[in-house]
Each structure stands twice: as C-alpha cells, then as structure tokens.
Amino acid sequence: MKRIYILILSALLLSSCDFFYKTIEYKGEIEQEQLVLTANLEAGKTPRIFLNSSKFFADAKQEPIPSASTPNSDSAYWTGVQRNWVTDAVVEMQINNGEWQMLTCVPDTIFYYNDNNYTLWNQLAYSYRNDYVFQPGDSVRIRASHPNFPNQAAAAQLIPHFAGSEVYNKKFSKAKWNINFFECDVFMPPYMGSEGTILNFVEYAYWRNHITSIYAGYDENSQPVYKDTLYDEYGITSYIYSRGLGFEKYENVNCSVSSGYWGARSNGLYHNVNTYGTEVSFPIKACYHPYTNNENRSYTITDSIVVEVKVVSQDYYRNVASMFAGDYYYNSVPDFWQSDSDSEFEDMTDIIEEIQDAFNELGNLEGIQVFSNVIGGFGHVTASATERIVVVPENN
C-alpha cells in the first residue's frame, strides 16, 4: 500500500506544477554542415572508416532507412535518423609517419540490436577501406576532405597491444530465472603496451529458438490445435559479471550489484590494464540461455558463448562514457545475488529515486556533450585489440 500512496502523491504533485507545460523557444543559429568521421581501428584487422555529413538537430527527423539486404526495396527495413553518407571524399591514412595511403569507398552494413540484444536489424552504409592490417603499437593518422565542406576532418590513434589473456577453470552453473552461467578465470600477464589503455570484458551468448509448430486455437472439443511449421528465431543474451575493487573506478559505466559483483550489458565491464608487475586473475561469469524444450513443438538452444577480452584506447572509453552520461546507453543488469527481502526494500527505494531523478533532470536541461576527438569536424576515432574465448554450453 505504501507504494500506491507514493505513486498517487507523486502524480498529484507533478500535475500541479505549471512549469511542466512551458514552451521553450530555441533561438540558436544553424551551423554549416561539417564532416563526421567515425571508426574503431582494430589490431589484426583492416581499416573500416565511416564518413557522413552533420545534421542540424531540428532537421534530424525519423525517416525510412534502407536495409543492406534490400537496398532498392520500396519498403523500409526500419525507421530512424538517416545518415548523409559522403561517398566521394578523399580519405587517407598514415602509419607510423610513413607515406599517406588512399582508401576506397565501398558498400557496407551496420548491424543494430535492441536494448536486450534480442532483435537484429541492419542498415545500408558505406565505408572507406584498404588492405593494410593494423599491428599493435601502430601510430595511425586519418584525414578526410571534400570540396563541399570547409574543413579537413582529421584524427589519430595508437593501436593497443593485446592483453595476452589465458583462460582456466571453465565451468557451467545454474543462476536464476532460467539463466545459466559460464564461469572462468581470466589470467593476464603485465601489460606490455602504452599507458592509458583500458581493459574491457564483453560477452555475447548466441541463442536459437527452433520452432516446429505454433498454437492455432481450439477445436470443437475445446482441445488446443497446433499448426505445423518450421523456422528459427535468433537472438543474443549479453550480461557479464566480475568481482574486484578495480571495477569501482569505472562506476559511471559499470553497474554495481550485490555481493561485490559488477555487471554490464553489451558495452562490457571496464577495468585498468594490468600494471602490477605480476600476473593477475579476473573471475568472469557470463550469462546464457540453457536448453529448453516445449513439448516437442520448439526448443531453445545456445549455440555458442563468446567472451571478448579487449584492450581499448582512452578515447574508446571516453566515447562510451559520454554515451552513458547522455542516456544513449544504459546498464541495467539482473542482480542474481540479491535476496528477496533486499528486493522488496529496494523496490520502494527505486520509486523514490526515480521521482527525485525526474526533478533533477528538469533543473538540468542543458544536456551532455557527446565525445568527439575529430579535428576540423565531428565524430570519434578509437582503437582496440580483442582476444576471444569461444565455448559451447555442455547441455547442448
């Protein structure tokens, strides 16, 4: 009952505030379009650099977006803010102060997931590429120019070294709510790369729902009827956890849960690289969907679990942190170690905090500056080095 009283009282208070309905006129100037340069430069991979033009926020309206699989279709694959791709620019790259290399624009595909990583869709895109494979320690400069834009856009990154991780003590265990854990210990030697780089642990569990029949109502005897069919649904579960005081330093992106654990969704957990001079260990728990069978009409199976151990540049982290600060990303994760009594108390606390957050937001409408490290334009160019652990659950 207390919860109901709080909600009713809050509704009365909020409805009595006239400032909720005040119109604020924007009187700013529309700036000239500039180049937007974005890329993540990955050790062991070739460049993939995206270039488009900026948009005035009032003109960035929702519109049909063609998919890469049906680029010429009259029906849009999804609706969002269309990017103005720049496909005829001069884009060059310099490695370790060597000669500038030309890159070529080619069709590409960008993949998206919803907030729970269950739904995948794609967008037709264009990227600039060449055949150079980035090496750890490479110093990379990128510049892009076009006669329709006043400035050259430029950025630089240092490619990180790999973490050198090794995995021990692999096992599978049951969590809660029809979710299981893949557990392991990730050992790392002292990091040999440059200072300032950051560790990032990410998990993707790829599941498949194989359906052989679907419910089609009742017959004349009130018995359920099932229609034969055959198709697969695909999705991704992405929750990863670990313990340790070092995760607290990145509490603006890591989510604190019970029993000293820190959790994350698909953006992953952040931690300093190993600068202790000796080997360190990180206990990892990664969620996945266990095998389930629905009376021979369908079954759900996790095909594989991928744990990524990344070393990322400071600019990579700054970009992610700014997206969290601007509420473009969020990191709500299940708390598997919370007791039922704690849950009941925290439900009430969450309501009060949400009301307070609403008032705080009204008094701070200035917004968040999203990170950009591009000179002469907008965007972010980052760098990373990724090692992957791939396992198949035992119950498959």
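This talk walks through one predicted protein model, from the whole chain down to a cluster of aromatic rings.

Some ground rules to begin with. Because the model is predicted, local features need pLDDT of at least 70 and side-chain atom pairs count only at pLDDT 80 or more, while totals for chains, interfaces and linings use all residues. Residues are numbered from 1 along each chain as its sequence is written, and side-chain values use heavy atoms, with hydrogens and water left out.

The overall picture, then. The protein chain has three helices and 23 strands. Both are DSSP runs numbered from the N terminus: helices are H or I with at least four residues, strands are E with at least two. Of the 396 residues in the chain, 42% are buried. Here buried means under 20% relative accessible area, exposed means over 50%, and partly exposed is in between, with a 1.4 Å probe and protein chains only. The chain exposes about 22,600 Å², and carbon and sulfur atoms supply 50% of that; the areas come from the Shrake-Rupley method with a 1.4 Å probe, and for residues only the protein chains shown count as cover. Among contacts between residues at least 6 apart in sequence, 70% join residues at least 24 apart, where contact means heavy atoms within 4.5 Å.

Six strands form an open sheet in the order 12-13-20-16-18-17, with antiparallel pairing. Strand 12, residues 166-174, and strand 17, residues 255-256, stand at the edges with a single partner strand each, so one side of each has no neighbour in the sheet. Two strands pair if DSSP finds at least two bridges between them.

Going across the sheet, seven bridges join strand 12 to strand 13, and serine 173 stands opposite phenylalanine 181 in strand 13. The hairpin of these two strands has five residues between them, and there tryptophan 177 takes a positive phi near 55°. Strand 13 is largely enclosed by the rest of the structure, because eight of its nine residues are buried. Nine bridges join strand 13 to strand 20, residues 280-288; phenylalanine 182 stands opposite alanine 286 in strand 20. Further along, strand 16 (residues 240-243) and strand 18 (residues 261-264) run antiparallel and are joined by four bridges. Tyrosine 241 has glycine 263 in strand 18 as its bridge partner.

One loop residue belongs here too. Glutamate 248 is found in the loop between strand 16 and strand 17, and at 43% relative accessibility it counts as partly exposed. Its C-alpha is 8.1 Å from that of tryptophan 262, 14 residues apart in sequence.

Now helix 2, residues 314-325. Its 12 residues reach 16 Å from first C-alpha to last, close to the 16 Å expected; the expected span is 1.5 Å times one less than the number of residues. Is helix 2 mostly covered or mostly open? Mostly covered: nine of its 12 residues are buried, among them Tyr316, Tyr317, Met323 and Phe324. Aspartate 327, which follows the helix, has a positive phi near 65°.

That brings us to the rings. A search of the whole structure finds 20 aromatic pairs. Rings of Phe, Tyr and Trp (its six-membered ring) pair if their centres lie within 6.5 Å; planes under 30 degrees apart count as stacked, over 60 as edge-to-face, and the rest as tilted.

Take tryptophan 177 and phenylalanine 336: their ring centres are 5.2 Å apart and their planes at 35°, so the pair is tilted. Tryptophan 177 is in the loop between strand 12 and strand 13 and phenylalanine 336 in the loop between helix 2 and helix 3 (340-362), so the pair ties together parts 159 residues apart in sequence. Tryptophan 177 is exposed at 57% relative accessibility, whereas phenylalanine 336 is buried at 7%.

Tyrosine 261 and tryptophan 337 make a stacked pair, 3.8 Å centre to centre with 10° between the planes. Tyrosine 261 is in strand 18 and tryptophan 337 in the loop between helix 2 and helix 3, 76 residues apart. Tyrosine 261 is buried at 10%; tryptophan 337 is partly exposed at 23%.

Which residues form the aromatic cluster? Trp177, Phe181, Tyr241, Tyr261, Phe336 and Trp337.

Last, charges over rings. Arginine 243 lies over the face of tyrosine 261, at 4.6 Å from the ring centre. Elsewhere, the charged end of arginine 143 sits over the ring of tryptophan 100, 3.8 Å from its centre. The test is NZ of Lys or CZ of Arg within 6 Å of the ring centre and within 35 degrees of the ring normal.
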